[in-house]
Amino acid sequence: RAAQVQADIDCRGLSCTAAVVKYVVEGKELQHINGQDSRKIVEQVERLYERVCQHTEYRPKFEALPLAFVQRASQADQIRSLKFHAEKKALASLLHNSVPELAMRVNFKVCVDCHSFLIHAARMLGRPIRVLEPSRQHLFLACGECECGRGVVEEGGAACYR
């Protein structure tokens, strides 16, 4: 069934709306969309992604990707696609710029992979991360929980401070 839906989308020449994440650095609003970017942001994301993978239980959630892409792409290409989601790029930029509050807005629902990544990153950093979607707010807490209740890091026993 999913293959037929994808075929219909392709046949009609439809495309999806890009995820756009906006955040503020030194009073200036910046934004990112999914996909690779400038060399500087690619390096920042690579460093952050490697730290989160090495120091937490985070693992990529391939179910966040379109079925047609998963069916034709290598695992390395799937990881690269997930790695450069706009939320991860925004977080890397916020950290690089030593912003006191890790906060961003996204134009639609945070995917399951970014949700998991942000839970693990908040715990690793020991800092909350706030993400506003059009219809809800996520507050990823340093204890490995999100206030939305959609995911919790199970390892360890860190106390959760709100």
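In this predicted model, local features need pLDDT of at least 70 and side-chain atom pairs count only at pLDDT 80 or more, while totals for chains, interfaces and linings use all residues; H85 touches N34, C111 and C114, leaving aside residues up to four places away in sequence (contact means heavy atoms within 4.5 Å). Residues are numbered from 1 along each chain as its sequence is written, and side-chain values use heavy atoms, without hydrogens and water. H85 is placed in the loop between α4 (75-83) and α5, where helices are DSSP runs of H or I with at least four residues, strands are runs of E with at least two, and both are numbered from the N terminus. With a relative accessible area of 8%, H85 is buried (under 20%; exposed is over 50%, partly exposed in between; 1.4 Å probe, protein chains only).Helix α2 (residues 39-55) packs against helix α5 (residues 86-96) at an angle of about 95°, with axes 9 Å apart; axes are lines fitted to C-alpha atoms over the stretch in contact, and angles run from 0 to 180 degrees between N-to-C directions. The two helices, α2 and α5, are therefore roughly perpendicular (65 to 115 degrees; under 35 is roughly parallel, over 145 roughly antiparallel, the rest oblique). Residues making the contact include I41, V45 and L48 of α2 and L91, A92 and L95 of α5.
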